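Subject: Structure handover

Hello,

Here is the structure I promised to pass on. Please open it next to this email, and my notes follow below.

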Amino acid sequence: MHQLTKGANAELFAEGDEPGPVTVALSWTDPTGAGDADVSVLLLGADGKVRQDADFLFYNCPTTPDGSVQLLGKVPTGSGTQDRILIDLAALPAEVHQVVLAASRHAGATFGELAELRLAVLDGGGDALAAFDIPDAGEETAFVFGELYRRGGAWKFRAVGQGYRSGLGGLAGDFGISVDQDENENEDESGGGAGAAGRAAKAEAAGAAAVGTGAVDAAGAAPVPAVEPPAAPKRAVRTAKKRVTLPKAAKVDLADHPSWRQARLFSVAGLKNELDRENRATATLLAVMAEVPEFGRRITAMFNAPAGTVQTFTETSFKHGDGTVRPDGTVRVSRAGKIWTALVETKTGGSPLKSEQVQAYLDVAHRHGYETVITLSNDLALDGEPPVTVDRRRARKVALRHLSWAEVAHEAHLLCHHDGVVNPAHAWLLNEFLHYLRHENSGCHGFQNMGPAWVTVRNAISEGTLRPGDRNALRVVENWERLTRQLCLRLGGELGVPVSPVLRGKRRTEPAVRRAQAVDELAVGGRMRSELAVPGLPGPIVLEADLRTGRIETTVEVAAAERSRALTRVQWLLRRLADAPAELRIEALTTDGGPGPCELLRALRVEPGLLVPADGAEIRAFRLTLPVGMGTRRGAEETGFIRSVDTVVDRFLNEVVRVLKPAE
């Protein structure tokens, strides 16, 4: 891998080598919780400008017409957020000489507020070809991370690290794109295409007016001279084809009795054992992937498959040694006469992946020239590593990638209810698929078990015998990370925004070090803690499980209104919490940093003055905490720990955060 500095370049595919699909991963952490960034891509011709409207990709126009470039969307990582772009270099038109990789922020937020800015270019097996860290971002509201470009018949990557204080509009303008105001005011409200881009660009430009315009480097140096525009007029971006999402309003129920159940396309009847569940889940997933192009593309793009026609097969048979092996499924993508193939091994319920089985599929895939083996189960991969042990020499020949049923449901939910699909029948089909995944008999529920070490650790904490470095505690901490990641996926799908974990201070370290610190905290204090960054909320949600007291607490901080008196600030908050639960705990945070008064909401409704600091200190913010009893069992049943975490977070969002009335 080439670790680059600003301005350096590296060759990705040498002249004479056939270039393949690459994934570009832009990643960052958001310590302040001020909001995320949106990735954009520009395809440039020989003159350094876009050739047409379709050469500008952003959040409402995520793919080129030929599918050669696609924005895959955001996923939470162990330390923040990663936004991925799939680029099929072999499929790019010959007229495209340069691919610019950029991102922008909204509402005046800057890239200097983000941490650990990084770009990595990955090959088809997920290995990094080149990487670029950006430590010196400042007041930029749009940023060019890097670019792919042709040089002498080969593809290279250049680390750019150049920012814009003029936001998305300033960045797009430098590459031959302008937004016509009248045209954008007439765009439909579906948000498709560049009407939304125009509105976003204008909003960002307005927010950036106070800090000036023009391209600047990451350290905020003097403006870089802009390239003279060509004589041809700039192109205005237009609206893409409208996509369909399912209506939120439920249909009228015509059933005569509550026991009647609506007929479903994918039935869960007749599933007698785990093998039946695996077979039906595999066939259902693969059929929907082949039938709904947008969904099939999202799933295959995770594994660096090229854009093309997706065909899927079940129970395919291959000779292996003296016998025969039958992977649960095979996925094939055809493009320009070339075939990309992956073998699929599926598990449902609590069934674990088997090492010898996966290794046999790796051998078969290598012998037949297949690119990838995909494992699919309810487990979530940590740090990108599949939850099965195999001979790493085999995995170097064929890519081994893992997918969780929770990730499958996340992508289906986004398409169904937020991003939309072109065909209304496909939206209905995806909804039926989601209903199947969420049915209790499907076995496709995602991570649902804290593992056999859970009871041992919980008892050791209660007895005071747990010590730092305990191996059982490490297993519990790893499962807490899986649970946090799954929670981010579920909330992101429901809210339609990227939800990611936030790591602060010493937790921004290597995974092994981070988990060792979490084990020590669990042994000393009996607590596990996560922070979730949810765009649009007053701040990150802090989720803390206290195994000593058997309680889970969810917390958010709300900035106090600028009022002259402390009592007035408290009364301002109480008016906003008129519909919040009475057991909500509220703490006043003062400017001097010391501990402030803390009371339950039920008491403050009677006497607001209880939250006024006795020493006259100024209240700068309020900390809102909702404590709820914790499930003790290790699973996701009604009395299980996982169910209680989901319930607590949902209740906090619905009964506390969402009932906060707008500030006066």
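A salt bridge is a side-chain nitrogen of Lys or Arg within 4 Å of a carboxyl oxygen of Asp or Glu. Keep that cut-off in mind for what follows. Also keep in mind that this is a predicted model.

**The pair at Glu544**

Start with Glu544 and Arg529. Their side chains meet in a salt bridge, at 4.0 Å from N to O. Glu544 sits in strand 25, residues 541–546. Arg529 sits in strand 24, residues 527–533. The pair therefore ties together parts that are 15 residues apart in sequence.

Next, look at Glu481 and Arg514. They form a salt bridge, and their closest N and O atoms are 3.5 Å apart. Glu481 belongs to helix 11, residues 471–495. Arg514 belongs to helix 12, residues 511–525. This pair ties together parts that are 33 residues apart in sequence. Glu481 is buried, and Arg514 is buried too.

**The pair at Glu139**

Now go to Glu139 and Arg165. Their salt bridge has its closest N and O atoms 3.7 Å apart. Where do the partners lie? Glu139 is in the loop between strand 10 (128–134) and strand 11 (142–151). Arg165 is in the loop between strand 12 (154–164) and helix 1 (167–174). So the pair ties together parts that are 26 residues apart in sequence. Glu139 is partly exposed, with a relative accessible area of 42%. Arg165 is buried, with a relative accessible area of 18%.

**The count, and the cysteines**

How many salt bridges are there by this rule? The count comes to 29.

The structure holds zero of them. Cys598 is partly exposed, with a relative accessible area of 37%.

Best wishes

Notes: Residues numbered from 1 in each chain as written. Predicted model: local features only at pLDDT ≥ 70, side-chain atom pairs only at ≥ 80, totals over all residues. Heavy atoms only, no water. Disulfide = S-S within 2.5 Å. Buried < 20%, exposed > 50% of the residue type's maximum accessible area, 1.4 Å probe, protein only. Helix = DSSP H or I, 4+ residues; strand = E, 2+ residues; numbered from the N terminus.
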